[in-house]
Amino acid sequence: MHGKTMNTNETKQSMHCNFKMPKMKKPDMSSDAIAQDFERNLTKYLGGFLDCVPNYLYEALSLAIRQRLMTNWKSTWDNYSKKDRKKAYYMSLEFLIGRSLGNHLLNLDIEPATKEALNNYAVKLEDLVEIEHDAGLGNGGLGRLAACFLDSCATLELPVIGYGIRYQYGMFRQMIVDGFQDEEPDHWLQDGNPWELKRSEFTQTIKFGGWVEKLTGHEGKTKFKWRGTNNILAIPYDVPVSGYKNKTVNTLRLWHSTATDEFDLDDFNAGSYSEAVASKNDAEHISMVLYPNDSSENGKELRLKQQYFLASASLQDVFRMWKKTHGNDFSQFSELNVFQMNDTHPTIAVAELMRLLMDQQHMDWEQAWKITSKTMAYTNHTLLPEALEKWPVPLFEKLLPRLLQIIYEINARLLHQVSMKWPGDTDKQQRLSIIEEGPVKNIRMAYLAIAASFSVNGVAALHSQLLTEGLFKDFYELWPEKFNNKTNGVTPRRWIAHANTELTNLLTSKIGNDWISNLSHIKEIEQYQSDKKFINDWLMVKRNNKKVLAEIIKEECGVTFDIDSLFDVQVKRIHEYKRQLLNVLHVIHLYDRIKRGDTDNWTNRCVLIGGKAAPGYDLAKKIIKLINNVANVVNNDPEVGDKLKLAFIPNYNVSKMEKICPGTDLSEQVSTAGKEASGTGNMKFMMNGAVTIGTYDGANIEILDAVGAENFFLFGLKADEVQNLKVNYQPHSYIEEDQDLKNVIHLLQCGHFNSFESGIFDSILDSLLNPHDQWVTLADFRSYIDAQEQVAQAYKDKTNWAKMSIANTANSGFFSTDRTMREYNEQIWKL
């Protein structure tokens, strides 16, 4: 046999090209058909007759439901693959999608049929839903927002593909041991994931290391070759994203890293077993864990590898799809493709797109830059300078030498443009430079994104304003046309229709179900705000949801919450700027009042706090310890009784939030003004009828505008007042002038909550009393305490509180991600 031997992949591709795909049948959504598929999957595919453990039941049902997505998934993909169909690609290091089974049942409108099918086997759907692991693909608001965005894109039938990383382990599973956060591996894939499809045929090769060789082509053009690289493979796994009752199923494509060779056979045969699989293990570290601790050099290197891995694999995949319909003709590429970078993590895609266009498609700089600058869009999610990604130049040179060259060239051209606009202003050039000077030079990734993107958006009105007035002021002066606002939202399918079925039934009984796909219709319930029966029904729904939440808190925390008490909740990532500490100071204040006998006209209150602290964030972990110590004292003091309870719920995640937000009366959104970009938890609580106590920050401002001051408890300094105060902040003066605050600080200083752990909270006290405390927590204490007293008195009038609750839900229409994604599409993507 002469000529080239066809390898395995080529054989597969050849077979694929010659195979005629049969027409897929319309799925049968009846209960009988679901039951038949469930039984067949259980017995013939999973071997469930051997040992019918609960996970087999869950997987058998999930596969049956996935089969009902396949026809629409294929037709959606075929529709989006048409030659002249413009598509958007949403690149994010996080997609906090939670559980999938219940969401797909809602969107396919087959939950009743599925329950009926399972009744034949004496199986409850609710039990199977609880078996599913939360997907460990995100940490907090950023990842949950990305998941909501994909949900809305599918419901709006927008051709958007999500790109992320298939982490084998989530951030971590949080345990509370002696009040401390303990981090355990979150092996969410240990039982497999029935919702994903492995797509090995679309595997991409990712390069690291090596060197760059400068060559001169036959026409005298300079070319660059990236040589001597260590390569790894990116294998895609596709996850379906179903739209609501519209036969659209979009795709979330997640990349798994592995070595180019499974193991070195020579090493293995020589007995060097660990060395034989070393390269495989090293490669798989990239997609092993969400957000490795980057306090070490190894951690930084792994995190940079993750970001490049995502960007390169995704862009190469887009190029593969493009060439399938357009060959090597990229003349229309920028008209038919747009990349949305979710925060600074994927912004290395700018340099990678330039590399692919120049080094693989052989374009000159101007051609490549024209395409890049017309297809890249950047969303910023933070006002904290320290949260903007920066990478040391030496690390970049070691891992990505070709991309470093490209970034230097982008920077040189940027600084030339700056010098033309502001001649001789070297300070301005230094401030705008992508390369930050210093003992070790750093690459400012947000600056790279702004330089290349045609759109730069914030995620709430105040956030976007502060970006242009502060963090990115110089860039705004250079390119004001790039900057815009897209206020975040959340999907009402997940956060009302799925999470709060009793409220869904009540709403639908009054105004129909159009609100599920168009939340603006929810405004119609305002007409029932004074209807006594509706108010009683509303209060009963809330009471039932509080009962469910109380049972979870009892089981997980060992604390009894009285459902007649005010349920006061703050659940989010633990961070100083989110000010869980302010919440704890209020709890200590209430405890102090009880111990002093100041309980006239008292309102019983149950306070719930939850969230994870980054493993390397010591002060945040100390705050968790303080919460638990205070809870231990408060909950075990018979003099306190039911007047006050405090619990910290461990391992806060999407599934827990689905139970928490329906049962919440008061939503704590107490960040230091000017620090929270938007917040989305505030929106979930609002949709479910919780009333907000909050600062004038992030999306709180737009919630306040929507519901009116009479339905919102506002407190604290505004962003400009915070900035002015920092010039001469004197925390001790607030203590001296406020006896309540003096009492609270004294209880902390005397060790009342740490009798056997001397000095453990000294770092917290130091931060509170520090004149350079950028969160100015004590400055907002009195205003917060006064607002909380207003809450306590308002809650006594249950009828009026119900009206406030109804007003919050009725005015939540603006905060649907359907509205957000329409704005992205109409003003940025233009799909």
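Two strands are taken to pair if DSSP finds at least two bridges between them, where strands (E, at least two residues) and helices (H or I, at least four) are DSSP runs numbered from the N terminus. The model is predicted, so local features need pLDDT of at least 70 and side-chain atom pairs count only at pLDDT 80 or more, while totals for chains, interfaces and linings use all residues. Residues are numbered from 1 along each chain as its sequence is written, and side-chain values use heavy atoms, with hydrogens and water left out.

A handy place to start is the open sheet, in which 3 strands follow the order E13-E15-E14 with antiparallel pairing. Its edges are strand E13 (390-392) and strand E14 (435-436), each pairing on one side only. E13 is joined to strand E15 (residues 442-444) by 3 bridges, and Trp391 has Ile443 in E15 as its bridge partner.

Both Trp391 and Ile443 are touched by Phe396 (heavy atoms within 4.5 Å), whose contacts beyond four places in sequence also include Leu304, Ile348 and Met445. Phe396, Leu400, Phe472 and Trp829 touch the most other members of the largest nonpolar core, which has 167 residues. Such a core is a set of buried Ala, Val, Leu, Ile, Met, Phe, Trp, Tyr and Cys residues joined through side-chain atoms within 4.5 Å; buried means under 20% relative accessible area, exposed over 50%, and partly exposed in between (1.4 Å probe, protein chains only). Apart from this core lies another, of 55 residues, with Trp515 among them.

Trp515 is also in contact with Thr504, a buried residue with a relative accessible area of 9% in helix H22 (residues 501-511).
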